[in-house]
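Hi,

Here is the structure I promised to pass on. Have a look first, and my notes follow below.

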Amino acid sequence: MSAQLPGPVMVASGCGGTGRELEAFAGAAGIAGLHLVTRSITLDARPGGAAPRVAEVPGGLVNAVGLPNPGLEHFLATELPWLVRAGVQVTVSIAGATLGEYADLARRLSRAPGVVGLEVNVGAPDDAGTGLFEVREPYHSASVVAAVRREFPSDRPLLAKLRPDVSRIVEGARACHEAGASAVVIGNSVPAAFPDGRAGGLSGPAIAPIALRCVAAVRAALPDVPTVGSGGVRDLASARAYLDAGALAVQVGTALLHDPTTVARLRADLAEETP
Ligand SMILES: Cc1cc2nc3c(=O)[nH]c(=O)nc-3n(C[C@H](O)[C@H](O)[C@H](O)COP(=O)(O)O)c2cc1C
C-alpha cells in the first residue's frame, strides 16, 4: 500500500474549484506540479445545497455546500483531461451513497489516465443531509475503504479522509489502514451551525488545534499509519505544526478562498527551509 505522494502540500478537496480557478492566480509558473484533490465526485451530478452555502465566522467559515459536482462522466470527459494537460497531480475525491457506488467510482477511475490516487470522503459532517453512505462507526469507514481498494491497484495511493473526532480517531485510522488505506487525512470540517442554526461544517484556523490533536494521537498510537493534516493550514507555521507532529503532508482548504496563492507560497517556504 503506497503512501507516496507528489509532495508535502496539497489543495484540499472542494477548495480549488475545478483547478481553472487557481490557474488565474498562478502567474507565469502556472499550476503544473500542483497536487490537487478534486471536490468530491459522485456517480451522478449534484446541484449542491441551498444558498447561502458559506458564512464567515470568527476564525473560519461555516459551509454547507452539499457536494456540488458534475458527476463522474462529465468529470472524466472534461475536467480531468484539462487538469492532466495543465500538469496538475490529480487525486480524485470520491463520495457515494452505497458501497457499490464507491466501488464503481474506484473501478472507473483506476482506468482513467492521469489519476495519481483516490481520496475517499468518509468524514463529511452528515447532519447537513448529504445523502452519502452513513459513516458513524470506524467499521463503516473501513467498509468503504475495502470496497474501493478492491477496485484500485494496491501500489497506488488511497487516502481515507476522516472527520477530526478526538474521541474515536485512533480506531477510525486503524480500521481504515487495515482495510487498505495508504494514509489517513485528518480531518474534514467540524460539525457546526450557521448563525441561523442550520447545520454545516466549520473550517479554517479555528479547527487547526482539533485536527492537530488527532494527528498527534494517531502518530502516538499507530506510528506506522501515515497521516495528512487538514484543517486551518494557511502558512508555514500552521503547516509545520502538522509536519512536526508526524504528518506526511498537509492540505490547504479555506485559506485558498482568502488567498489563492497560499499553496504556491507554502511550497516555496517549505522548500526554502530545507537545510
Ligand atoms: C467550501 C468548501 C467545500 C468543501 N468541499 C469538500 C468536498 O467536496 N469534499 C471533501 O472531502 N471536503 C470538502 N471540504 C473540506 C475541506 O477539504 C477541508 O478538509 C476542510 O475545510 C478543513 O480544512 P481547511 O480548514 O483548510 O479548510 C470543503 C470545505 C469547504 C470550506
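The ligand sits in the largest pocket, where "sits in" asks that more than half of its atoms lie within 2 Å of the grid points. A pocket here is an open set of points on a 1 Å grid over the protein atoms alone, where a 1.4 Å probe fits, with protein on both sides within 12 Å along at least five of seven lines; lining residues have an atom within 4 Å of a point.

Before you go on: this is a predicted model, with local features needing pLDDT of at least 70 and side-chain atom pairs pLDDT 80 or more, while totals for chains, interfaces and linings use all residues. Residues are numbered from 1 along each chain as its sequence is written, and side-chain values use heavy atoms, without hydrogens and water.

Back to the pocket. It holds about 990 Å³ of space (the volume filled by probe spheres set on grid points joined across faces, edges and corners). Its lining has 50 residues, with Ser13, Gly14, Cys15, Asn63 and Val65 closest to the centre. Two or more lining residues come from each of α1 (20-23), β4 (60-63), β10 (199-203) and α8 (254-258); helices (H or I, at least four residues) and strands (E, at least two) are DSSP runs numbered from the N terminus. By class, that lining has 21 nonpolar, 24 polar and five charged residues, with Ala, Val, Leu, Ile, Met, Phe, Trp, Tyr, Cys and Pro as nonpolar, Asp, Glu, Lys and Arg as charged, and the others, Gly among them, as polar.

Now the ligand's own shell. There are 22 residues around the ligand, and Ser13, Ser40, Gly204, Gly232 and Thr254 come nearest (the cut-off is a heavy atom within 4 Å). Five of the shell residues are nonpolar, 15 polar and two charged.

The protein covers 95% of the 610 Å² of accessible area that the ligand has on its own (Shrake-Rupley, 1.4 Å probe).

- Ala51 to Pro52 is a cis peptide bond, omega near -5 degrees; Pro52 is in the loop between β2 (35-37) and β3 (54-57).
- Ile186 to Gly187 is cis, with omega near 5 degrees.

Cheers
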